Amino acid sequence: MLDPVYSGKTAAGLIGLIRKGQMEKGSRVIFLHTGGLTTYYDYSSMKEVL
């Protein structure tokens, strides 16, 4: 689960770089996700948007 602010935007940025070909095909990418589930309840009012 990604929060819509930090982890979500970082993941979207990484996906964008991959789609643009900025990552060499076959290369290894590490996305270190350090949280997100606890902030789910902070954004519960955004469920319709997510």
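Which residues does Val-29 touch, not counting residues up to four places away in sequence?

## Contacts of Val-29

Val-29 touches Leu-14 and Met-23 when residues up to four places away in sequence are not counted; contact means heavy atoms within 4.5 Å. The C-alpha atoms of Val-29 and Leu-14 are separated by 9.2 Å, and the two residues are 15 residues apart along the chain.

Val-29 lies in the segment after helix H1 (6-19). Its relative accessibility is 38%, so Val-29 counts as partly exposed (buried means under 20% relative accessible area, exposed over 50%, partly exposed in between, with a 1.4 Å probe and protein chains only).

## Basis of the model

This is a predicted model, in which local features need pLDDT of at least 70 and side-chain atom pairs count only at pLDDT 80 or more, while totals for chains, interfaces and linings use all residues. Residues are numbered from 1 along each chain as its sequence is written, and side-chain values use heavy atoms, with hydrogens and water left out.

## Helix H1

The chain has one helix and zero strands; helices (H or I, at least four residues) and strands (E, at least two) are DSSP runs, numbered from the N terminus. Gly-21, which follows H1, has a positive phi, near 80°.

Within H1, the buried residues are Ser-7, Gly-8, Ala-11 and Leu-14. They lie on the same side of H1 because they cover an arc of only 130° around the axis, the arc being that of the directions from the helix axis to the C-beta atoms. Tyr-6 and Lys-9 are exposed on the other side of H1.

## The chain as a whole

Of the 50 residues in the chain, 12% are buried.
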